[in-house]
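Dear colleague,

Please find the structure below, handed over for your records.

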Amino acid sequence: MSFFKKLKEKITTQTDSVTNKFKDGLTKTRDSFVGQMNELVKNYRTVDEEFFEELEDILISADVGVHTVMDLIDELKDEARRRNIKDAKDIQPVISEKLAEMLQKSENETELNMQDTMTVILFVGVNGVGKTTTIGKLAHRFKQEGKNVVMAAGDTFRAGAIEQLEVWGERVGVDVIKQQAGSDPAAVMFDAIQAAKSRKADVLLCDTAGRLQNKVNLMNELEKVKRVISREIPDAPHEVLLVLDATTGQNAMSQAKTFSKSTDVSGIVLTKLDGTAKGGIVLAIRNELDIPVKFVGLGEGMEDLQEFEADQYVHGLFADVLEQAEELAEED
């Protein structure tokens with residue numbers, strides 16, 4: 001259980017509130033995924049081909065994604081051979097270890113690319129995934145850090161989108177730059193950049209449309225918005241965050257593929273992770289698209305948008321297994 005011990009040591013260096021949020025937020029996935037894994041270990045005392053086939057099915061049902069599952073199973077087989085693992089219960093920490101490795105491939109990849117001058121963050125994603133709410137929650141987070149924040153209401157096509165962002169602006173005490181519904185989003189971005197500069201803003205958060213008449217129109221519109229931002233601030237946007245709804249599973253995966261082809265997505269925000277038993281979608285996105293997950297939504301509250309931590313995620317998934325291991329260690 002050395003991996004679980006290392007994991008516990010890493011987690012204890014972070015705040016209990018963050019650990020509890022990941023643990024509580026992943027309850028549905030943990031109950032489903034780890035529950036099935038525990039049954040698997042009971043049913044198969046030894047690690048053999050049938051064991052791995054069953055594990056494959058469990059991982060696919062958690063929305064880990066077929067390609068990622070195949071990669072993971074191959075690595076686990078190699079590791080089991082290398083470490084001479086025969087007992088099924090001894091493979092659990094190895095699974096946890098491999099998941100953590102897959103989720104975070106470099107140390108700082110989940111951090112935002114913050115600038116010494118103004119940081120411009122562009123948010124993309126289809127309607128209904130929680131994009132505007134995510135912007136509001138991030139505005140609150142930045143305000144709590146003492147930063148001067150401005151929001152740009154660039155979704156001028158959806159009825160109520162501008163008003164929704166304004167509600168968040170009032171709630172967190174942040175200025176919202178807007179034009180009338182139906183206005184050119186690129187013109188809104190131009191105004192927002194000038195306003196943010198004059199207010200000496202530290203962060204400009206830019207909302208965008210999630211639906212136009214068709215996909216091509218939407219991607220062209222996003223490209224135009226990006227061009228205007230880059231013209232006014234040459235190295236901006238500094239982050240392009242794609243917001244996805246975890247409860248939509250593989251549909252979120254196909255959205256990620258579409259947006260990453262058309263825009264330079266630098267990170268994923270995965271909302272409603274607490275509302276699904278298929279939290280394995282985090283692994284599929286990270287492994288198959290090679291885009292880091294930067295934030296996850298673990299509840300409805302203002303503070304429930306959390307920076308993604310691979311160790312916290314794995315701990316949240318395997319919390320029960322870890323507690324059992326600790327109990328056994330104490331008995332020994």
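Valine 172 counts as buried because its relative accessibility is 9%, where buried means under 20% relative accessible area, exposed over 50% and partly exposed in between, with a 1.4 Å probe and protein chains only. Please note that this is a predicted model, in which local features need pLDDT of at least 70, side-chain atom pairs count only at pLDDT 80 or more, and totals for chains, interfaces and linings use all residues. Residues are numbered from 1 along each chain as its sequence is written, and side-chain values use heavy atoms, with hydrogens and water left out.

Valine 172 belongs to helix H8 (residues 161-172); helices are DSSP runs of H or I with at least four residues, numbered from the N terminus. Neighbours within four places in sequence aside, valine 172 is in contact (heavy atoms within 4.5 Å) with Gly136, Ala139, His140, Lys143 and Met302. Its C-alpha atom is separated by 9.8 Å from that of leucine 138, 34 residues apart along the chain.

**Nonpolar cores**

The largest nonpolar core has 84 residues, and Leu55, Leu204 and Tyr313 have the most contacts inside it. Such a core is a set of buried Ala, Val, Leu, Ile, Met, Phe, Trp, Tyr and Cys residues joined through side-chain atoms within 4.5 Å. A second, separate core of 24 residues includes Ala139, Val176, Leu241 and Phe295.

**Helices H5 and H12**

Where H5 meets H12, Val66, His67, Thr68 and Asp71 in H5 touch Leu283, Ala284, Asn287 and Glu288 in H12.

How values were computed:
Helix = DSSP H or I, 4+ residues; strand = E, 2+ residues; numbered from the N terminus.
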